[in-house]
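Please look through the sequence and the model shown below, and then follow the paragraphs that come after them.

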Amino acid sequence: MRILILGAGKMGSFFTDVLSFQHETAVYDVNPQQLRFVYNTYRFTTLEEIKEFEPELVINAVTIKYTLEAFRQILPVLTKDCILSDITSVKTGLKKFYQESGFRYVSTHPMFGPTFASLNNLSSESAIIISESDHLGKVFFKDLYSTLGLNIFEYTFDEHDDTVAYSLSIPFVSTFVFAAVMKHQEAPGTTFKKHMAIAKGLMSEDDYLLQEILFNPRTPAQVENIRRELKEILEIITAKDADRLKKYLTKIRKNIQ
């Protein structure tokens with residue numbers, strides 16, 4: 001299959017590495033400097049090159065801020081039988097775009113990134129495939145993600161956004177709170193160091209990605225849950241209520257089993 005990957009960033013390079021030995025691949029990036037570190041693939045910087053390549057599948061791996069813009073830029077040079085795909089963590093606006101584009105599409109979300117995951121061992125990681133996607137597109141990504149050892153889930157666009165609001169906004173906001181109140185430790189404990197590593201990794205992410213996760217319409221309810229739990233913890237601590245603390249810890253342990 002001829003596959004075009006938009007964007008030569010971390011995830012774009014990852015998909016290139018994974019696919020280039022079994023498929024004819026090309027990477028398109030408007031910044032030639034980004035293409036220096038990709039190999040075993042065509043390197044495109046112009047729309048004319050894409051037109052000549054005639055991709056059968058496009059994987060949009062650009063920064064989330066430019067996902068729709070990148071699609072719109074290349075649509076005029078694609079053949080109508082090409083399948084569009086994205087790997088974004090936020091699907092806002094994508095369903096409407098796909099339906100209006102006239103192209104077949106498959107939307108997925110690898111629930112991992114280069115910041116935290118070991119890309120050489122993904123057996124504990126997951127991926128979501130949007131159920132409204134084209135059948136052949138879903139088959140392609142199911143095969144790919146299965147080969148990588150990922151745990152695969154199939155959700156609608158709405159179900160995906162609900163899941164993301166829960167699984168990303170809660171750890172993101174919790175990490176923000178930790179980072180906001182922390183101070184430098186001369187002799188940090190193990191737990192502190194682990195939290196610090198997570199905070200530094202999260203803060204290295206693209207600001208627009210963090211914004212899109214937080215501005216998901218479903219996020220405020222999750223943040224409200226955090227505020228409610230913090231209120232209860234503060235009440236327990238202030239009252240030094242050992243019995244209530246024991247019950248609270250029991251509840252938490254059941255949640256994480």
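By about how much of the helix are Phe141 and Tyr145 separated in helix H5? Because they stand four residues apart in helix H5, Phe141 and Tyr145 are separated by about one helical turn; helices (H or I, at least four residues) and strands (E, at least two) are DSSP runs, numbered from the N terminus. The model is predicted, and for that reason local features need pLDDT of at least 70 and side-chain atom pairs count only at pLDDT 80 or more, whereas totals for chains, interfaces and linings use all residues. Residues are numbered from 1 along each chain as its sequence is written, and side-chain values use heavy atoms, with hydrogens and water left out.

Phe141 and Tyr145 are both buried, where buried means under 20% relative accessible area, exposed over 50% and partly exposed in between, with a 1.4 Å probe and protein chains only. Both belong to the residues with the most contacts inside the largest nonpolar core, which has 25 residues, and Phe15 and Ile59 are named alongside them. Strand S1 (2-6), helix H1 (10-19), strand S4 (57-60), strand S7 (126-130) and helix H5 (135-147) each supply at least two residues of this core. Such a core is a set of buried Ala, Val, Leu, Ile, Met, Phe, Trp, Tyr and Cys residues joined through side-chain atoms within 4.5 Å. Ile59 is in contact (heavy atoms within 4.5 Å) with residues including Ile3, Ile5, Phe15, Leu19, Ile87 and Phe141, its neighbours within four places in sequence being left aside. Apart from this core lies another, of 24 residues, among them Phe53, Ile74, Leu84 and Phe157.

The aromatic rings give a further view, with 14 aromatic pairs in the structure. Rings of Phe, Tyr and Trp (its six-membered ring) pair if their centres lie within 6.5 Å, and planes under 30 degrees apart count as stacked, over 60 as edge-to-face and the rest as tilted. Tyr98 and Tyr105 form a stacked pair, 4.3 Å centre to centre with 0 degrees between the planes. Tyr98 is buried at 1% relative accessibility, and Tyr105 is buried with a relative accessible area of 10%. Phe141 and Tyr145, by contrast, form a tilted pair, 5.6 Å centre to centre with 45 degrees between the planes. Tyr98 and Tyr105 also belong, with Phe71, Phe97 and Phe157, to one aromatic cluster.

Ile83 lies in strand S5 (residues 83-86) and is buried, with a relative accessible area of 8%. Although Ile83 and Arg104 are 21 residues apart along the chain, their C-alpha atoms are separated by 4.9 Å. Beyond residues up to four places away in sequence, Ile83 touches Tyr105 and Val106, among others.

Turning to the helices, H7 (residues 169-181) and H10 (residues 219-239) pack at an angle of about 50 degrees with their axes 9 Å apart; axes are lines fitted to C-alpha atoms, for helices over the stretch in contact, and angles run from 0 to 180 degrees between N-to-C directions. H7 is therefore oblique to H10, since angles under 35 degrees count as roughly parallel, over 145 as roughly antiparallel, 65 to 115 as roughly perpendicular and the rest as oblique. The contact is made by Ser169, Ile170, Val173 and Ser174 of H7 and Thr219, Gln222, Val223 and Ile226 of H10. The axes of H7 and helix H8 (residues 190-203) come within 10 Å and cross at roughly 110 degrees, and H7 and H8 are therefore roughly perpendicular to each other.
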